[in-house]
Amino acid sequence: MFWFELTLASAPLHAAHEARLTDLVYTQVAEGTSLRTLLYVEDNPANLELVEQIIERRSDLRLLSAPDGNLGIEYARVYQPEVILMDINLPGISGIDGMKILRGDPSTAHIPIIALSANAVPRDIEKAMEAGFFSYLTKPIKVNEFVVVLDAALESAASANAIKKGKHDDQPLRDF
């Protein structure tokens, strides 16, 4: 017979998240920049909370969240976010299948989708990238890497929207 005692410590994971957040490089946002929408499809509340904390530091972003792939697809169609973060292992429908549905829908095909998953096996990452994700980030989230990839996806979305608007102008584009 034996026993052991452990002392209770206060949330070391939360402290680690806080430490990572203090290292966050702030993105400079020009005054007058319009609010952009980011959709995070994630079923784990702890992961959602961390991303919420990162996004709170960005005055140019609004975060929507969906707890499963089917609701994420619905939100993407209704809210037309600039960027989607998609977990791979979701209840109901996988993140890869959800991404394929969004890519097949003309109303959402243009939205950059970033995979955010604990799957760090190189073959899984390669498979997801071949399927059409904009980028693939692994958990635990490296905050600075996350911000860099998010900014690249937002820039890609802005460029795609500018091109789309240019094609829909009534004025022809001419150089005289």
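## Briefing on a predicted protein model

At a relative accessibility of 29%, glutamine 80 counts as partly exposed. The structure described here is a predicted model. The protein contains 6 helices and 5 strands, and from the N terminus on its elements follow the order α-β-α-β-α-β-α-β-α-β-α.

**Overall composition**
- Of the 176 residues in the protein, 36% are buried.
- Among contacts in the protein with a separation of 6 or more, 68% are between residues 24 or more positions apart.

- Most residues other than glycine have a negative phi, and most peptide bonds are trans.
- Glutamine 80 has a positive phi of about 45°, although this residue is not a glycine.
- Glutamine 80 lies in the loop between H3 and strand S3 (83–86).
- The peptide bond joining lysine 139 and proline 140 is cis, with an omega of about 5°.
- Proline 140 is located in the loop between strand S5 (135–138) and helix H6 (143–168).

- A pair of aromatic rings is described by the distance of the centres and the angle of the planes.
- A search of the whole structure finds 1 aromatic pair.
- The ring centres of tyrosine 75 and tyrosine 79 are 5.6 Å apart and the ring planes stand at 85°, so the pair is edge-to-face; the cut-off for that class is an angle over 60 degrees.
- Tyrosine 75 and tyrosine 79 are separated by about one helical turn, because they are 4 residues apart in helix H3 (residues 69–79).
- Tyrosine 75 is partly exposed, with a relative accessible area of 26%.
- Tyrosine 79 also counts as partly exposed, at 41% relative accessibility.

**The packing of H3 and H4**
- Two packed helices are described by the angle between their axes and the distance between the axes.
- The axes of H3 and helix H4 (residues 95–104) come within 10 Å and cross at roughly 30°.
- Angles under 35 degrees count as roughly parallel, and H3 and H4 are therefore roughly parallel to each other.
- The crossing in which H3 passes H4 is right-handed.
- On the H3 side, the contact is made by Ile73, Ala76 and Arg77; on the H4 side, it is made by Gly98, Ile101 and Leu102.
- By class, the contact of H3 with H4 comprises 4 nonpolar, 1 polar and 1 charged residues.

Definitions and conventions: Residues numbered from 1 in each chain as written. Predicted model: local features only at pLDDT ≥ 70, side-chain atom pairs only at ≥ 80, totals over all residues. Heavy atoms only, no water. Phe/Tyr/Trp six-rings, centres within 6.5 Å; stacked < 30°, edge-to-face > 60°. Helix = DSSP H or I, 4+ residues; strand = E, 2+ residues; numbered from the N terminus. Buried < 20%, exposed > 50% of the residue type's maximum accessible area, 1.4 Å probe, protein only. Axes fitted to C-alpha atoms, helices over the stretch in contact; angles between N-to-C directions. Parallel < 35°, antiparallel > 145°, perpendicular 65-115°, else oblique. Left-handed = near helix turned anticlockwise from the far one by under 90°. Contact = heavy atoms within 4.5 Å. Nonpolar A, V, L, I, M, F, W, Y, C, P; charged D, E, K, R; others polar.
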